[in-house]
Amino acid sequence: MIFYFTGTGNTRWVAQQLAEATGDELRYIPDELRQNALAYTLKEGERLGFCFPTHGWQPPAIVRQFISRATFVGASYVYAVTTCGDDMGHAMRILNKELRVKGLRTDSVFAVVMPESNVCFSFLHLDTPEQEREKLAAARTTVAHICQAVKARQEGVEELVKGPIPWTYTYVIGQYYNKHLITDKHFWVDQKACIQCGLCARLCPVDDIQGLPPYWKHDGSCTNCLACYHHCPSHAIHWGKMKRGQYYFNKREGQK
């Protein structure tokens with residue numbers, strides 16, 4: 001089984017490549033949480049994979065919530081893949097801490113650098129179209145390699161992009177990010193630009209968006225995955241005061 005979470009589609013693409021290469025079943029974490037049937041018994045020899053984007057140099061809260069509530073029986077090979085804009089700090093260290101509580105550990109871990117999507121820090125900027133193309137080209141090679149390693153059940157592989165100061169990224173900057181910026185209170189809608197298509201509500205993984213024009217529930221459920229922001233066809237959704245562009249996987253090709 002492959003459990004994945006995605007906001008802009010980067011991680012969904014990686015998870016799909018893994019599913020196609022291995023033949024393993026693909027499951028979307030928000031759907032699993034909605035169904036609330038979180039007991040999984042794997043078949044003999046079945047792989048258990050976790051694919052997630054790095055949020056503030058840590059695993060997303062929704063992924064950690066899923067692992068804390070779920071039970072996994074019979075996993076013979078466990079691996080994890082994270083996508084990140086440039087680096088992922090010690091996100092895998094935190095993931096393994098969560099897995100140890102469940103009696104699990106990763107046999108191999110990987111990171112895939114993908115186009116940047118974080119618009120919540122003033123010092124982070126989206127990649128240029130050229131940078132996006134370069135990252136995606138490199139990612140295709142990286143993911144093909146990961147698929148082969150996972151298919152062969154290679155153990156002891158740690159192919160990560162931790163960055164120059166991973167501890168600071170994860171436990172100082174990332175701690176602030178995940179404590180103060182995982183919230184829906186900074187989202188707002190330009191009602192003149194909003195075409196009331198409802199796409200943002202349909203894409204929200206935690207059903208935090210309602211109404212036309214849309215509004216957020218402010219009930220603490222937001223993961224700040226930015227799916228609503230980046231997929232808005234009229235760019236009517238904004239985050240804070242900063243004016244930034246949009247990115248989602250294959251945006252340049254016009255695919256969603």
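This is a predicted model: local features need pLDDT of at least 70, side-chain atom pairs count only at pLDDT 80 or more; totals for chains, interfaces and linings use all residues.
Residues are numbered from 1 along each chain as its sequence is written, and side-chain values use heavy atoms, with hydrogens and water left out.

**View A. Cys84 and its closest cysteine sulfur, in Cys51.** The two sulfurs are 13 Å apart, too far for a bond. A disulfide is a pair of cysteine sulfur atoms within 2.5 Å, and a search of the whole structure finds zero of them. Cys228 is likewise in no disulfide, and the nearest cysteine sulfur, that of Cys200, is 6.5 Å away. Cys84 is buried at 6% relative accessibility, and Cys228 is buried at 8% (buried means under 20% relative accessible area, exposed over 50%, partly exposed in between, with a 1.4 Å probe and protein chains only).

**View B. Asp24 meets Arg47 in a salt bridge.** Side chains of opposite charge can pair when their charged atoms come close. A salt bridge is a side-chain nitrogen of Lys or Arg within 4 Å of a carboxyl oxygen of Asp or Glu, and the whole structure has ten. For Asp24 and Arg47, the N to O distance is 3.1 Å. This pair links distant parts of the chain, 23 residues apart: Asp24 is in the loop between helix 1 (10–22) and strand 2 (26–28), while Arg47 is in strand 4 (residues 47–53). Helices (H or I, at least four residues) and strands (E, at least two) are DSSP runs, numbered from the N terminus. Asp24 is buried, at 12%, and Arg47 is buried too, at 9%.

**View C. Arg34 meets Asp207 in a salt bridge.** Here the distance is 3.0 Å, N to O. Arg34 lies in helix 2 (residues 29–35) and Asp207 in the loop between helix 7 (199–203) and strand 10 (209–210), so the pair ties together parts 173 residues apart in sequence. Arg34 is partly exposed, with 39% relative accessible area, and Asp207 is partly exposed at 37%.

**View D. Asp86 meets Lys135 in a salt bridge.** The N to O distance is 3.3 Å. Asp86 sits in the loop between strand 6 (77–84) and helix 4 (91–101), and Lys135 in helix 5 (residues 129–151), 49 residues apart. Asp86 is partly exposed at 45%, whereas Lys135 is buried at 13%.
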